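Welcome, and thanks for taking a look at this model.

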Amino acid sequence: MFNGLFLRKMKKNVVLIGASGFVGSAILKEMLDRGHRVTAVVRRPEKIVVEHPNLTVVGADAADPETLAAIARGKDAVISAYNPGWGNPRQYEETLSNYPKIVEGVKRSGVRRLLIVGGAGTLFVKPGVRLVDTGTLPEAWLPGVKSLGEFYLGTLAGEKEIDWVFFSPAGNLGNMGPGVRTGKYRLGKDDMLFDEKGESFISVEDYAVAMVDELEQENHHYERFTAAY
């Protein structure tokens with residue numbers, strides 16, 4: 001009990017990929033607010049406007065395995081919020097091409113833990129039916145949703161060399177009104193979580209809370225999990 005509590009309170013030294021994005025920036029703030037050390041790996045360092053004594057910003061291509069391995073070596077964990085961009089016409093192809101390279105870079109670094117900002121598309125909304133198969137998602141979202149889902153099911157799920165998690169948000173992430181950090185959430189596994197109104201939602205701030213809780217507590221291993229209110 002003592003050892004577990006001690007480990008949970010230890011500050012981590014973490015590489016964060018995609019720290020300038022919608023989800024990545026929320027995770028960055030949550031980690032810094034809790035006193036963790038962060039090396040933010042971004043293609044455009046000028047997009048990180050936060051200044052903090054525990055923050056190091058590195059301009060680099062995280063999809064280059066050798067580069068990522070050199071940056072991450074000696075760190076406690078890597079959190080990836082990688083997304084080639086929702087407006088990128090090659091989002092589908094680049095996600096499927098680059099995510100295995102990110103995994104390879106983490107493996108080469110010797111870092112034990114990889115936490116990935118997953119998608120909700122592969123969550124089951126009812127037995128045998130995943131969200132991505134319901135026909136309810138906007139067409140513009142499908143390249144990103146499908147590629148991340150294919151990476152998870154086809155590549156990551158079979159990965160045994162590093163201790164990974166794929167953290168799927170609720171069906172709606174921070175887009176049903178102003179985001180609020182309540183510090184409260186419910187956890188699930190492969191089924192989408194709904195509230196008493198039939199809604200599946202979590203603010204990006206509380207998604208970040210849950211992600212950093214997982215970083216600190218290490219409750220999930222080699223698996224996907226999800227969170228919602």
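Glu218 sits in the loop between α6 and β12, where helices (H or I, at least four residues) and strands (E, at least two) are DSSP runs numbered from the N terminus. Its phi is near 55°, a positive value in a residue other than glycine. Tyr222 is found in the loop between α6 and β12 too, and its phi, near 50°, is again positive in a residue other than glycine.

A word on conventions before going further. This is a predicted model, in which local features need pLDDT of at least 70 and side-chain atom pairs count only at pLDDT 80 or more, while totals for chains, interfaces and linings use all residues. Residues are numbered from 1 along each chain as its sequence is written, and side-chain values use heavy atoms, with hydrogens and water left out.

**Overall build**

The protein has six helices and 12 strands. Its C-alpha trace spans about 45 × 40 × 35 Å along the principal axes. The radius of gyration, taken over C-alpha atoms, is compared with a globule rule of 2.2 Å times the number of residues to the power 0.38. For 229 residues, a compact globule would come out near 17 Å, and the protein has 17 Å, which agrees.

Contact here means heavy atoms within 4.5 Å. Of the contacts with a separation of 6 or more, 73% join residues 24 or more positions apart. The accessible surface, computed by the Shrake-Rupley method with a 1.4 Å probe and with only the protein chains shown counting as cover for residues, comes to about 11,200 Å², and 53% of it belongs to carbon and sulfur atoms.

**Buried or exposed?**

Buried means under 20% relative accessible area, exposed over 50%, and partly exposed in between (1.4 Å probe, protein chains only). By that scale, 48% of the 229 residues are buried.

| Residue | Relative accessible area | Class |
|---|---|---|
| Val111 | 4% | buried |
| Lys12 | 14% | buried |
| Tyr222 | 39% | partly exposed |
| Gly110 | 62% | exposed |

Gly110 lies in the loop between α4 (91–109) and β5 (113–117), and Val111 belongs to the loop between α4 and β5 as well. Leaving aside neighbours within four places in sequence, Val111 is in contact with Ala72, Lys75, Asp76, Ala77, Val78, Val106 and Ile162. The C-alpha atoms of Val111 and Ala72 are separated by 7.0 Å, although the two are 39 residues apart along the chain.

Lys12 is in the loop between α1 (2–9) and β1.

In soluble globular proteins, nonpolar side chains tend to be buried together. A nonpolar core is a set of buried Ala, Val, Leu, Ile, Met, Phe, Trp, Tyr and Cys residues joined through side-chain atoms within 4.5 Å. The largest one has 35 residues, and those with the most contacts inside it include Leu16, Ile79 and Leu215. Several elements each supply at least two residues of this core, among them β1 (13–17), β8 (163–168) and β12 (223–228). The helix α6 gives the most, with seven residues. Apart from this core lies another, of 24 residues, including Ala60, Ala72, Val103 and Val106.
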